[in-house]
Amino acid sequence: MNRSRRRVLQAVTLAPLCDAAIAGRASAATRNAAQLRVVVVGGGYGGATAARYAAMWGRDAIDVTLVERDAAFVSCPLSNLVLAGSKSMADITVPYTALAAHGVRVIRDTAVHVDAGRRRVNLARGPSLSYDRLILSPGIDFFFDRINGLDTDRARATFLHAWHAGPQTIALRRQIEAMRDGGVFAISIPRAPYRCPPGPYERACQVAWYLKRAKPRSKVLIFDGNEDVQSEKALFTAAWNDALKGLVEYRPDHVLTDVDAATMTARFETADDVKADVLNVIPPHGAGAIARDAGVITVNDQWCEVDFLTFESLKVPRIHVLGDSIQVAPLMPKSGHMANQHGKVAAAAVIAELTGQPVNPAPVLNNACYSFVNDREAVHIASVHRYDATQKTYLPIDGSGGVSPIASEREGDYGFAWACAIWSDMLS
Ligand SMILES: Cc1cc2nc3c(=O)[nH]c(=O)nc-3n(C[C@H](O)[C@H](O)[C@H](O)COP(=O)(O)OP(=O)(O)OC[C@H]3O[C@@H](n4cnc5c(N)ncnc54)[C@H](O)[C@@H]3O)c2cc1C
């Protein structure tokens, strides 16, 4: 293992050691009843970042509570490598404990209702929380009812999405490991916009990389609900035609309509039926369910429009929405990196508004997504987005971004370093 890769893995596995020191500091933190209250729902890429930065920048003036239903943060980025077996769940899991050092109170619970009038959030188990500002970053929830046959728990346990990293990642890995040599792994991609444009193509590479060594007579079929590859087409196509030649087949214009668990068959709007041994279905999805309850979903019953200077909902005052849940600006990806950027702009804006300061009138966001084509080599796509006051949206800055020329180990090292850096930015 080279040095930079070892550094990434150390940073993750060493996190619990750091927590012990931080917990000592956090226990000394005092709370002040007069503080303004910011409640954040969802401790993923957007919410954890917003909570940490609101607490750091708000100092004693702001009381920050983060509500998260899971015990620890599990990263979707790099989770495709867990499917291929080159990384473990431990490699992509980071505890929430270090946030306490910044004064963030982390409550493990599920937000079940938002009363925007009374400015309260009800939790599944604990007492309700009142807020001056509420930040929602609940990620995505799936429209299972848009695919016939996905309506039972059994069907959903058969046709896994693994599009939220966690138990489904482990379960899908098991399905791939149990697949016969000569079997078919198929992945279906919903129509854009969906979470992580390059993610499904990275997954195809990862599964094919594993199958090439473990079950070389097998195949990976990509059923894309879109007319073409949605991100880094030349780079992914090069991987499929070169190192993974003969293993991966890409089929555009395949909108999945039905699945049949008895026969393991996929049906499409216009194409022929296909049988698969493992059928990885990424259903159409939209803003997380709590956004629906809060009344902030405004587009297609799916996404939430926000004021891009503050990320405040265009519909419900004092509720800010971040990350994958929002109706994105032109060419803005639904990515973890972008959610992290939303989190910082929203944290700064919330503090400014609560303390009577001016809101930054010209925020700039950046994005970089690394996709691994095997266990070591990666490609990336990057962009920079500037707020345009006339159009009230973010526009990509001409010439600011780009993609890798080729997949390489150096890019892979950068990709692991990116993960370590962003987890540290959110959760250390
Ligand atoms: C396979 C895969 C690979 C990816 N690779 C990359 C990549 O390389 N780079 C990149 O930038 N992005 C990548 N992404 C995309 C990235 O994961 C998402 O864009 C990002 O997670 C969005 O952040 P978020 O805060 O909106 O949602 P999330 O990170 O999903 O966080 C939402 C959190 O809210 C919690 N939650 C939801 N509802 C409630 C509730 N009611 N009460 C309490 N808690 C709640 C959830 O448990 C979760 O922790 C990838 C995604 C996938 C699936």
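Mentor: Let us begin with N340, whose side chain makes a polar contact with the side chain of D425, at 3.0 Å. Please keep in mind throughout that this is a predicted model.

Trainee: Okay, and where does N340 lie?

Mentor: N340 lies in helix α10.

Trainee: Is N340 buried or exposed?

Mentor: N340 counts as buried, because its relative accessibility is 2% and buried means under 20%.

Trainee: What is N340 in contact with, leaving aside its neighbours within four places in sequence?

Mentor: With those neighbours set aside, N340 is in contact with Y45, G46 and T49, and also with I422, D425 and M426.

Trainee: How many residues of α3 are buried?

Mentor: In α3, 12 of the 14 residues are buried, so the helix is largely enclosed by the rest of the structure. From its first C-alpha to its last, α3 reaches 20 Å, which is close to the 20 Å expected at 1.5 Å a residue.

Trainee: What happens just after α3?

Mentor: Just after that helix, R59 takes a positive phi of about 45°. G58, which has its place in helix α3, is buried with a relative accessible area of 7%.

Trainee: And what does G58 touch, not counting residues up to four places away in sequence?

Mentor: On that count, G58 touches Y53 and I351. As for a residue that lies elsewhere, G58 and R154 are 46 Å apart in space, C-alpha to C-alpha, and 96 residues apart in sequence.

Trainee: Changing topic, which residues come nearest to the ligand?

Mentor: There are 36 residues around the ligand, and of these G46, E68, R195, D324 and H337 come nearest. In the side chain of E68, an N or O atom is 2.7 Å from an oxygen atom of the ligand. Backbone atoms take part as well: a backbone N or O atom of Y45 lies 3.2 Å from an oxygen atom of the ligand, and a polar backbone atom of Y370 is 3.3 Å from a ligand oxygen.

Trainee: How much of the ligand does the protein bury?

Mentor: Taken alone, the ligand exposes 1000 Å², and the protein buries 97% of that.

Trainee: Which elements give two or more residues to the shell around it?

Mentor: Those elements are the helices α3, α4 and α10, together with β2 and β22. The largest share, 3 residues, comes from α10, the helix in which N340 lies. By type, the residues of the shell divide into 14 nonpolar, 14 polar and 8 charged.

Trainee: One more stop, please: where does S137 lie?

Mentor: S137 lies in the loop between β9 and β10, and S137 counts as buried because its relative accessibility is 8%. A polar atom of its side chain lies 3.3 Å from the backbone nitrogen of G47. Leaving aside neighbours within four places in sequence, S137 is in contact with several residues, including G46, G47 and L322.

Trainee: And how many residues of α7 are buried?

Mentor: In α7, 13 of the 16 residues are buried, so α7 is largely enclosed by the rest of the structure. At 1.5 Å a residue this helix should span 22 Å, and its end C-alpha atoms are 22 Å apart, which agrees.

Definitions and conventions:
Residues numbered from 1 in each chain as written. Predicted model: local features only at pLDDT ≥ 70, side-chain atom pairs only at ≥ 80, totals over all residues. Heavy atoms only, no water. Near = heavy atom within 4 Å. Polar contact = N/O pair within 3.5 Å; in protein donor to acceptor, adjacent residues only side chain to side chain. Areas by Shrake-Rupley, 256 points an atom, 1.4 Å probe, with all protein chains shown as cover. Helix = DSSP H or I, 4+ residues; strand = E, 2+ residues; numbered from the N terminus. Nonpolar A, V, L, I, M, F, W, Y, C, P; charged D, E, K, R; others polar. Buried < 20%, exposed > 50% of the residue type's maximum accessible area, 1.4 Å probe, protein only. Contact = heavy atoms within 4.5 Å. Expected span 1.5 Å × (residues − 1).
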